[in-house]
Amino acid sequence: GQRLADKRVLVTAAAQGIGRASALAMAREGATVFATDVNTDLLETLKNESDGAIEIAKLDVRDDASVKSHVERARPDVLFNCAGFVHHGTILDATDDEIDFAMDLNLRSMVRTIRAALPGMLVRGGGSIINMSSAVGSVIGAPNRFVYGTTKAAVVGLTKSVAVDYVTQGIRCNCICPGTVESPSWHDRVKALGEKLGSYDEALQQFVSRQPMGRVAAPEEIAALVVYLASDESAFTTGHTHIIDGGWSGQ
Ligand code: NAD
């Protein structure tokens, strides 16, 4: 299909997981995709996988200058803020440094990219901003996800605030709240829990059993929602949390 034929798209954290699947899905729909990440080796493999159709660049979402220069070059109609990090632990486990790091990577990064991209979108008369939140924090609590849940809930507030301020100027801003999704960092989390429990299978079972469907999502299933929110098919939705969690919070 060519559902994104005339769109220029910038994706952060596009080297692996949901960001990568989304970059590929949007390229398949005809978008001009700028895939960015700090992992340039993996970005190269993404470029190859797209037969060179996807442009890649090293963009660190924690670095204002890096964000500004790449957004200037990409001139995005669609901004997919996908970068985020999962901290493990309770409020008593989290250090101030860990909280500051997660606030910066999971939340402030979106302030940076939106500040850089929004003025151009306004001049061109429209844009779709898609922020990666999570079911965790924004709709349901999960054990040992204090820092993560706190930052992801804040993404909802950021999303609604941007949406309401620019709704009459052609800008839409939505966020995505996935349940558990298969990705390299998710595999690391299962491995780490497996080491703690002394059983990889038991760890896997814990992650899978909280999804009523009895499985986790494939990143491509989240990418399908990203394509929808990027396209004009979703023209009537803004300021919302789009929950896609295998029935986790919907029971
Ligand atoms: P992942 O965690 O496996 O990959 C994250 C990517 O982010 C990596 O390619 C890494 O290089 C990149 N990255 C790290 N620091 C960066 C920085 N400073 N600047 C730019 N890029 C940086 O991928 P994932 O699990 O698909 O997660 C992607 C997003 O989806 C995250 O925001 C995550 O919180 C969210 N999410 C994931 C799940 C899940 O179960 N996997 C569920 C809900 C939400």
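In α1, the buried residues are Gly17, Ile18, Gly19, Arg20, Ala21, Ser22, Ala23, Leu24, Ala25, Met26 and Ala27. The model is predicted, and in it the protein is divided into domain 1 (8-179 + 218-244) and domain 2 (183-216). With 11 of its 12 residues buried, α1 is largely enclosed by the rest of the structure.

**Helix α1**
- The 12 residues of α1 reach 17 Å from the first C-alpha to the last, which is close to the 16 Å expected at 1.5 Å a residue.
- The packing partners of the buried residues of α1 are β1 (8-11), β2 (32-37), α2 (40-49), β4 (78-81), α7 and α9 (219-230).
- Just after α1, glycine 30 takes a positive phi of about 90°.

**Ligand shell**
- There are 28 residues around the ligand, and those that come nearest are Ala13, Gly17, Gly84, Ser183 and Ser185.
- Two or more residues of this shell are given by each of the elements α1 (17-28) and α7 (184-197).
- Sorted by class, the shell around the ligand holds 15 nonpolar, 10 polar and 3 charged residues.
- Both domains take part, since at least three residues of the shell around the ligand are drawn from each of domain 1 and domain 2.

**Domain arrangement**
- The centres of domain 1 and domain 2, taken over C-alpha atoms, are separated by 25 Å.
- Contact between the domains involves 6 residues of domain 1 and 5 residues of domain 2.
- On the side of domain 1 that touches domain 2, the residues divide into 3 nonpolar and 3 polar, with no charged residue.

How values were computed. Residues are numbered from 1 along each chain as its sequence is written. This is a predicted model: local features need pLDDT of at least 70, side-chain atom pairs count only at pLDDT 80 or more; totals for chains, interfaces and linings use all residues. A residue is near a molecule or strand if its C-beta atom, placed from the backbone, lies within 6 Å of it. Helices (H or I, at least four residues) and strands (E, at least two) are DSSP runs, numbered from the N terminus. Ala, Val, Leu, Ile, Met, Phe, Trp, Tyr, Cys and Pro count as nonpolar, Asp, Glu, Lys and Arg as charged, and the others, Gly among them, as polar. Domain bounds come from an automatic or database domain assignment. The expected span of a helix is 1.5 Å times one less than its number of residues. A residue is buried if 20 or more other C-beta atoms lie within 10 Å of its own, exposed if 12 or fewer, and partly exposed in between; C-beta atoms are placed from the backbone. Two residues are in contact if their C-beta atoms, placed from the backbone, lie within 7 Å.
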